[in-house]
Amino acid sequence: MATISVPENVSVFLLDIEGTTTPITFVKDVLFPYIREHLEDYLSAHWEEDECKQDVHLLKKQAEEDLKQNRACPVHTVDQTVHTDEEKAIREVVDNVLWQMAADRKTTALKQLQGHMWRAAYAAGKIKGEVYQDVVPAIRRWRRHGLKVYIYSSGSIEAQKLLFGYSVEGDLLDLFDGHFDTNVGAKVESKSYERIAERIGCSPEDIMFLTDVTREAKAAEDAGLNVVVVVRPGNMELTEEERTHYKIVTTFSQLELTGSA
């Protein structure tokens, strides 16, 4: 596939993770199964620790809110302090977490517990963040040319830093100038990209955003960013209209900086 010239005014690359820097299967086939397989053991090992107690407290609050909203939920009480049988209490938390994951929910309570479990797994070397082979050489090249590189992902900033800090290629955090998550806004809303440009301290036109999701690409484009859609194995198929409308790459090496060899 042909190279794409990066406009001369671009000074910042903004990168999505899943399906862009990292195989879309990594979350589905590595991160989520790790939670399902190790959840009960993790809770048993950390049940009396403050961090775990806080995680359980948040899950309890979420379960209460779900009951008020009449959401189907297998757990009516997630309570750590008033219980006679620790194993029963842990089982209730496990059932709640697995139910939320099966429903593909993104609650703060769920994300917080998952984040703490992944942190322990990364630190112990049980998980390594996957990164496509073309990503690191390209980012190093961009940085040599004085460009800044930021991450924008729906995964929390902590989860982003774990993935790149404990990657298959070692600690890559020095390659990035900053991270954004959905605290800045949803990725399908153009206002989010305007806020990011504001926080970076540049014009939207100075940013090139790389993503595999065309709804995100449209939102970024509406905000004035330069957009490239990344096509990787396993990513969602693009329509003919999308293929015609967007600049497309299958590897970061196709992005050619002005004046570079």
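Predicted model: local features only at pLDDT ≥ 70, side-chain atom pairs only at ≥ 80, totals over all residues.
**Stop 1: helix α1.** Begin by selecting residues 25–46, which make up helix α1. Look for the kink of about 60 degrees, centred on histidine 38. Now colour the buried residues of this helix: Phe26, Val27, Leu31, Pro33, Tyr34, Ile35, Leu39, Tyr42 and Leu43. Which helices do they pack against? Show α2 (50–68), α3 (86–102), α4 and α6 (157–165), and you have the partners.

**Stop 2: the cores.** Next, bring up the side chains of Phe13, Leu15, Leu43, Val97, Trp142, Leu210 and Leu255. These have the most contacts inside the largest nonpolar core, a set of 56 residues. Helix α1, your first stop, gives the most to this core, with 8 residues. A second, separate core has 23 residues, among them Tyr150, Ile196, Val229 and Tyr246.

Back in the largest core, centre the view on leucine 210. Beyond its neighbours within four places in sequence, leucine 210 is in contact with Phe13, Leu14, Leu15, Asp16, Thr20, Trp142, Val228, Val230, Phe252 and Leu255. Three of these names belong together in another way: Phe13, Trp142 and Phe252 form one aromatic cluster.

**Stop 3: helix α7.** Select residues 190–200 and pick out Ser192, Tyr193, Ile196, Ala197 and Ile200, which are buried. They are on the same side of α7, because they cover an arc of only 140 degrees around the axis. Turn to the other side of α7 and you will find Lys191, Glu198 and Arg199 exposed. What covers the buried residues of α7? The cover includes strands β2 (12–15), β3 (148–152), β4 (178–180) and β5 (207–211), along with helix α8 (214–222). Step just past the end of α7 to glycine 201, which takes a positive phi of about 90 degrees.

**Stop 4: a buried glycine.** Jump to glycine 129, in the loop between α4 (108–123) and α5 (135–144). Is this glycine buried or exposed? Glycine 129 is buried, with a relative accessible area of 0%. Leaving aside neighbours within four places in sequence, its contacts are Phe26, Tyr122, Leu163, Tyr166, Ser167 and Val168.

**Stop 5: charges over rings.** Finish with two pairs. The charged end of arginine 232 sits over the ring of tyrosine 132, 3.9 Å from its centre. Lysine 187 lies over the face of tyrosine 152, at 5.5 Å from the ring centre.

Note on methods
Residues numbered from 1 in each chain as written. Heavy atoms only, no water. Helix = DSSP H or I, 4+ residues; strand = E, 2+ residues; numbered from the N terminus. Buried < 20%, exposed > 50% of the residue type's maximum accessible area, 1.4 Å probe, protein only. Contact = heavy atoms within 4.5 Å. Bend = angle between axes of the 7 residues up to and from the residue. Phe/Tyr/Trp six-rings, centres within 6.5 Å; stacked < 30°, edge-to-face > 60°. Lys NZ or Arg CZ within 6 Å of the ring centre and 35° of its normal. Core = buried A, V, L, I, M, F, W, Y, C linked by side-chain atoms within 4.5 Å. Arc of directions from axis to C-beta.
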